[in-house]
Amino acid sequence: MNVLVCVKRVPITGGKIVLTPDERAIETRHLGFTISPHEECGVEEAVRIAERHGGSTTVLTLGPAEAEEQLRDTLAIGIDRAVHLVTDGSDWDPESTAAALVAAIEAERAAGHDPDLIMFGNESADNGNYQVGIRVAHALGRPCVTGVKGITMHDGRVRCEQELGGGRDVYDVPLPAVVTVLEGLNLPRYPSVPAKLRARRKPVESSEPARSEPRLELVRLTVPPGRGRQAEVLGEGAGAAPAVVELFKKLGVA
Amino acid sequence: MSPVPGSARVVVIGAGIVGNGLACHLARLGWTDIVQLDKGPLPNPGGSTGHASNFIYPVDHSREMTALTLDSVRQYKDFGVLTECGGIEVARTEERMEELRRRMASAKSWGVEPVSLLTPAEIKELVPYIDESVIVGGFYSPGVSVVDSLRMGTLMREEAQQAGALTVVANVEVTAIGTERGRVTSVSTTDGDIETDTVVIAAGVWSPLLARMAGASIPLTPAVHQMIDIGPVPRFENAKAAIEYPIVRDMDTNMYERQDGRGLEVGSYAHRPILHDPAEIPSIEESALSPTEMPFTEDDFVQQMEHALELMPEIVGDESVGVKYAINGLLSLTPDGLPLLGETPEVRGLWSAAAVWVKEGPGVARGVAEWMTHGEPEIDLQASDIARFYPCQKTVAHVRARAAEGFNKTYGIVHPGEQWESSRGIRLSPFHARERELDAVFFEAAGWERPHWYASNERLLADYDGRVKPREAEWDARWWSPIINAEHLAMRDRAAIFDLTAFCIFDVTGPGALATVQKVAMRQCDVPVGRVIYTPVLTPRGGFRSDLTIMRLDHETFRVVTGGAHGMADLKWFADHLPEDGSAQVHDLTSAWCTLGLWGPRARDILSGLTSDDISHEGFPFARCREIEAAGLRVLASRISYVGDLGWELYVPIEQGAHLWDAVWEEGRPHGLIPAGIGVYGTTGRLEKGYRAFGFELDSEYDVVEAGMAWGKVKDEDFVGKEAHVRQRGSDPAAIMCTLTVDDHKSASGVERYMLGREPIVTPDGAPLVDAKGRRSFVTSAGAGPSVGKHLLMAYLPPEHAREGEQLAVEYMNERYPVTVAVAGSTPIFDPENSRIRS
């Protein structure tokens, strides 16, 4: 069982998001970088599948040279090898991204690394276009299940579960297939120190992808109102208890 | 939250460990209307306190830092937020073991006990998850503790609030600090303005920005300290407390490992220095965690993970133990590694309490609060006085260069004589080119390059064969040369010239000049023009604020000459005591005058070849100064000596310095004149004469009587510290400054060892000596006395031991060496009658 996970380097935006002066990117001067929580679950799932069923795991990204940091992070979780399509740092539109990924996957196949299962995060954490995985599946002519929160491998097929309000949709598709996953699929592990050190010695193959003429253009970003940290003081000491209870009820945890 | 009040007796900016401590201690000292501001939320506003590792190792080679740490420990204990867990500094190398033996001495000198050296097997018993095969031993301090610095801060604020003395306003940012004629007048915030004449900046890494608002400087740089938290650790699964095992400092890799509940925290000072610009720290809103918890840069931490894995494979090597938290935490670094405390020299009423870590925070807070209240703290903080810097030491480039160099020495083996490598060659005397031709070995003093000895004097070693010995142990010989002793002997036989341009020189002038110097100086300054006064400068409680010389150049002009290291603080002290009516001024002339010292039995022969003025003993007696014409220059000559020989300090404007040097050199060569370095001036010559040095023998915790300098009568005029001084004269001193000689240098391994200073003086069987004020005896200065053929130590001893001939011992590298009290008091061991100086 060979599993390929696609990830994207994105800024960690725990605080207020600040845009660059041209409003076409997030100001990342003070920010660290990561992959999205969806993708973290995808990585964890790939490692678990390989642990359970054997086979190899590969991580693929398209991004700037610095994205090697994120590749190493996934290698520390247990992915075997990484493929890096190195860009000049500009953000690619989903169509171009998908085309480059498809080309890379075709090259993987030609080199004998044909993935049985390709996983994406349901959407990227920054631009959230919700389409790269679907475009790749379409181009490769493989079935695609989106928004997946449960994966079981069996008999050359993959059983995928989507969570709906109060129920589940289950899709059982033949391999090879593409799935886009959601946070909550599993609880990703923290990498150990030895795993981090091992990750630094694992292979990362890099190449420069060809960029197709973009037909989609990012014009401007806007920060949604109300985002960022909002703390409300509910009260102090024992007197705050009723307000806390009210809030718990509202959140559905009490 | 309270609204911002319109006025305050004092505004404390910052609610980290220091600001909270200040609020508490100012209130305890009777201050009211204290307003404390922070731009962040409480209890963790997002500064360095919030992510501190919060452990405290009490033993440091610095007496001041140890005293502050011990005081902080007492305070943390009083508030019930301290857990003692013990700590072990482990050594991977023999060189480090030697350093740990040196730490044993510091622990004894500063009274931090019990401590002990442990074998790897003993360490394994205390820290079962360590791989003892990679270490050779360790230094165990059972008193190492972990504190809750955030809780401490809350409790201290609450105490001041309950006393009705404090208003705390969080989430409000300071936008301006108003000044008028060099004094603080107000603080503007995002929520309104506060009228006040006193502001304390305790804002950690942001402090430089706030100081700049008032036109002042707090020279620190934010720097990264990386740490990770790994867990859950199976061995700690049933941990009942946050810390149950000793904290390990892996000294040789610049790292520490400590249990934190079910996790293990691994921190490092080993990575490349990562410095930040305070203006570039993200805002609270923009920060993912907090402004001072910056994104982790793992590439800088790879080696550290390897090292942690080596030392604690059971935990760090466990595949189930994950890295759960990793940050580049910001902390404050300064050019010399010491905090920035006291009133800023630029703005009256603007105080700094910055570059302080959790381990010394409450102690610093108490000290600064006392300083603000009484004019001096109980614990001497003069080495941390923010007024200590010269303008060239406050530049961003200098601060960054030294902070970068100092960062990796956080756990370093730092020799007492160690020199900085970066930011050198900034201040050059006019003699510099000549000194280079003579192969001077330069040490730095207050930014100046100063010859410590001259390699070209190596030929003198043969002249003094048998009296000048090399030192066998590399540590004792580091930053030292036997040439120093040869230069010393050549000076005593013939003459030597010294570059003393690093002196800080300033004039006090005007109709109020006499009143000013009388107020500051302990000794009588109303003397005839042409007299040189050597005087202590006292703190209000009668301790030493400084010691310096004052030349009365004319009726209304007093020229103050003081040591370079403390010169800027002295300048501020005089400026602070100028009369309110503007009738006197101080003028800094440090960069206007150079100083050439000429001493030795042939000094008069040499100088008389350059001048036709009367410089005979009768014509130019000791302790006199006057202008003479020499070598075609107008030279201010001052007949004093710090090395115990006949001679003068010669002052000329800096552009004429090279000419003076050449003339003296040419004239002196037939007399056997040599150039000599500060190794002679500051150590060998000085120690043979028993001259006390500020910052070594003299500080605010010792008084004039104890220092043996209470000669003459107390002047009638008032001066700072007079009342205390009179009282001290009327009672027996608790300690007496003594000169001791080392009787036997042989170590157990047969190597002759030479103490370098700060070692404990003990009884022959190793018991510490403690005086009536609870102070321990330790070596304040150590060095060769080539003319007396002994290694000399200076130390304050309790009176019952301060008897000539008393047999004691000094501890060095965890061994004891016999010493004898040679002199109790100020009589020099060399030339006790001072006949050379007065010849």
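Start by selecting B:Gly349, which takes a positive phi near 85° in the hairpin of S20(B) and S21(B), with six residues between the strands. What you have open is a predicted model, where local features need pLDDT of at least 70, side-chain atom pairs count only at pLDDT 80 or more, and totals for chains, interfaces and linings use all residues. Residues are numbered from 1 along each chain as its sequence is written, while chains are lettered from A and ligands numbered from 1 in the order in which they are written.

Now show the two strands: S20 (residues 340-343) and S21 (residues 350-354) of chain B pair in the antiparallel sense over four bridges. Pairing takes at least two DSSP bridges; strands are DSSP E runs of at least two residues and helices H or I runs of at least four, numbered from the N terminus.

Next, pick B:Ala353, the bridge partner of B:Leu341. Skipping neighbours within four places in sequence, its contacts (C-beta atoms, placed from the backbone, within 7 Å) include B:Val18, B:Leu22, B:Ile201 and B:Val368.

Zoom out to the largest nonpolar core, which has 265 residues; B:Ala353 is among those with the most contacts inside it, along with B:Ile34 and B:Ile201. Such a core is a set of buried Ala, Val, Leu, Ile, Met, Phe, Trp, Tyr and Cys residues joined through C-beta atoms within 7 Å. Helix H1 (residues 17-28) of chain B gives the most to this core, with seven residues. A second, separate core of 49 residues includes A:Val7, A:Cys41, A:Val47 and A:Val181.

Hop to B:Ser207, in helix H6 (residues 207-213) of chain B. Buried or exposed? This serine counts as buried because it has 26 C-beta neighbours inside 10 Å; the cut-offs are 20 or more other C-beta atoms within 10 Å for buried, 12 or fewer for exposed, and partly exposed in between. Among the contacts of B:Ser207 beyond four places in sequence are B:Ser352 and B:Ala354.

Then select helices H2 (residues 63-78) and H9 (residues 361-374) of chain B, whose axes (lines fitted to C-alpha atoms over the stretch in contact) come within 6 Å and cross at roughly 100°. H2(B) is therefore roughly perpendicular to H9(B), a label for angles of 65 to 115 degrees. Residues meeting here include B:Leu68 and B:Tyr76 from H2(B), and B:Val364 and B:Arg366 from H9(B).

Last stop: colour the contact between the chains, with 21 residues from chain A and 22 residues from chain B.

How values were computed
Contact = placed C-beta atoms within 7 Å. Axes fitted to C-alpha atoms, helices over the stretch in contact; angles between N-to-C directions. Parallel < 35°, antiparallel > 145°, perpendicular 65-115°, else oblique.
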